[in-house]
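Visitor: Please take me through one part of this model in detail. I would like to look at the nonpolar core and what surrounds it.

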Amino acid sequence: MGEALACNSIGVDYQIMGDSHARQAVQYHTKHLEVADVPGKYIAHVNLGLCYAALKMPDEAVANHQHALRYAIRMCSLAGESLACGNLGMIASVEDIPTAKACAERQLQLARTLNDTRGKGDAYRQLGVLSNLQGAHGEAVHYFQQAMQLAQAEADELVSNSARCSIGVAKGNAGFDEFLQSLVARAAPNGQGGGAER
């Protein structure tokens with residue numbers, strides 16, 4: 001028990017020192033994983049996932065967040081499951097938007113159950129980012145507005161301002177898409193669509 005706690009503490013200290021110390025953190029979190037009980041294994045996998053993300057090793061990060069999710073489910077920990085889903089969704093968003101969206105939706109569901117305002121806000125922001133990436137800018141605006149309202153209710157000015165900026169970006173993306181469509185329509189001969197003149 002003492003060895004697990006010490007390894008976790010040293011690993012976390014390395015993480016706090018910044019991404020340049022992530023490799024040292026991995027060594028201690030791996031040792032923690034070897035000697036930990038089930039809750040400790042959950043914690044070790046969460047920390048390893050974060051370290052591997054910092055090291056730009058997404059496959060390893062995903063694998064560890066998946067293990068953390070399994071341990072959270074095994075422990076019947078809704079809070080642990082919510083955190084694991086959020087972390088997994090952030091990593092998956094790089095290459096697998098449907099998986100990332102499913103994770104963010106599950107995080108939102110769990111956060112609602114737990115009445116976790118911060119978890120709800122994180123999930124709404126992630127859903128907004130993913131909707132924006134998919135070109136669903138109106139949906140993105142909705143999610144960012146939800147995140148902004150939660151942040152304002154918690155007097156979190158930083159998150160509120162960030163969400164407000166994201167709303168502007170989503171609205172700008174929507175306007176730009178409409179602008180491009182109007183240019184294409186005007187450029188097409190007789191409004192029929194593309195094709196070069198010969």
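Guide: A nonpolar core is a set of buried Ala, Val, Leu, Ile, Met, Phe, Trp, Tyr and Cys residues joined through side-chain atoms within 4.5 Å. Buried means under 20% relative accessible area, exposed over 50%, and partly exposed in between (1.4 Å probe, protein chains only). This is a predicted model: local features need pLDDT of at least 70, side-chain atom pairs count only at pLDDT 80 or more, and totals for chains, interfaces and linings use all residues. Residues are numbered from 1 along each chain as its sequence is written, and side-chain values use heavy atoms, with hydrogens and water left out.

The largest nonpolar core has 15 residues. Those with the most contacts inside it are L108, Y124, L127, F144, I167 and A170. Helix 6 (97-114), helix 7 (117-133), helix 8 (137-153) and helix 9 (157-187) each supply at least two of its residues. Helices here are DSSP runs (H or I, at least four residues), numbered from the N terminus. Helix 8 gives the most, with 7 residues.

Now take A170. Setting aside residues up to four places away in sequence, A170 touches N132, H137, A140, V141 and F144. Contact means heavy atoms within 4.5 Å.

K101 forms a salt bridge with E139, with the closest N and O atoms 2.9 Å apart. The term requires a side-chain nitrogen of Lys or Arg within 4 Å of a carboxyl oxygen of Asp or Glu. K101 lies in helix 6 and E139 in helix 8, so the pair ties together parts 38 residues apart in sequence. K101 is buried at 15% relative accessibility. E139 is partly exposed, at 32%.
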